[in-house]
Amino acid sequence: MNSNYQSSYLATQGDEIKQDCDFTGEEYQGWFDAYGRAIPESGRVSVITSVKENQKKYFLHVINVQPDDGGIFFCKGKKTVRMYKFFLRSKFFYDDYKHS
C-alpha cells in the first residue's frame, strides 16, 4: 500500500477544518485516526461525499475544533493511504504570541 503525506494544518480552538481526499481508479475505504479506527461522525465531525465530473471527493469536516481533535488522520483507498496532520494551537500561547 502506498503512503502519501499530504498536508498539515494549524488550527485554534473553535476553528473549522475541511479537508478533501480523492482517489482515482480505486475504492475509497474511509477516514481513520492514527490508531486505524474509523473517524466517528458526531455533531461536530462529518464525512461529506462530493461528486463533480465523475470524480468523487471525500471531505473530513470538523466544526468548532476542540483540543482533542488534533492528531494524525488517514484517508484510505484500496491501494493508497493519504496522511494529514492537524495541530491545535493553544489559545493562550497564540494570544501571548500575537502581543509580543
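Predicted model: local features only at pLDDT ≥ 70, side-chain atom pairs only at ≥ 80, totals over all residues.
**Entry 1, overall layout.** I began with the secondary structure and found 1 helix and 7 strands in the protein chain. Along the sequence I read the pattern β-β-β-β-β-β-β-α. I then looked up burial, and of the 100 residues of the protein chain, 31% count as buried. The accessible surface comes to about 6800 Å², and carbon and sulfur atoms hold 49% of that surface. For the contacts in the protein chain with a separation of 6 or more, I noted that 65% are between residues 24 or more positions apart.

**Entry 2, the sheet with S5.** Which order do the strands take in the open sheet of 3 strands? I read the order as S2-S5-S4, with antiparallel pairing. Strand S2 (17-22) and strand S4 (45-52) are the edge strands, and each of them pairs on one side only. Neighbouring strands of this sheet are turned by 25 degrees against each other on average, direction ignored. As background, strands of a sheet pair through backbone hydrogen bonds, either parallel or antiparallel.

I went through the two pairings in turn. S4 and strand S5 (residues 55-62) pair in the antiparallel sense, and I listed 8 bridges for them. S2 and S5 also run antiparallel, joined by 6 bridges. Val47 stands opposite Leu60 in S5.

I also checked the hairpin of S4 and S5, which has 2 residues between the strands. In this hairpin Glu53 takes a positive phi near 50 degrees.

Tyr58 has a relative accessible area of 11%; buried means under 20%, so Tyr58 is buried.

Trp31 and Tyr84 also form an aromatic pair, which is tilted, at 5.3 Å centre to centre and with 45 degrees between the planes. Trp31 lies in strand S3 and Tyr84 in strand S7 (residues 80-89), so this pair ties together parts that are 53 residues apart in sequence. Are Trp31 and Tyr84 buried or exposed? I found both Trp31 and Tyr84 buried.

I looked for lysine ends placed over rings. The charged end of Lys18 sits over the ring of Phe59, 5.1 Å from the ring centre. The charged end of Lys76 sits over the ring of Phe32, 4.7 Å from the ring centre.

I then looked up its C-alpha atom, which is separated by 6.2 Å from the C-alpha atom of Ala11. Along the chain, Phe87 and Ala11 are 76 residues apart.

How values were computed
Residues numbered from 1 in each chain as written. Heavy atoms only, no water. Pairing = 2+ DSSP bridges. Helix = DSSP H or I, 4+ residues; strand = E, 2+ residues; numbered from the N terminus. Axes fitted to C-alpha atoms, helices over the stretch in contact; angles between N-to-C directions. Buried < 20%, exposed > 50% of the residue type's maximum accessible area, 1.4 Å probe, protein only. Phe/Tyr/Trp six-rings, centres within 6.5 Å; stacked < 30°, edge-to-face > 60°. Lys NZ or Arg CZ within 6 Å of the ring centre and 35° of its normal. Contact = heavy atoms within 4.5 Å. Areas by Shrake-Rupley, 256 points an atom, 1.4 Å probe, with all protein chains shown as cover.
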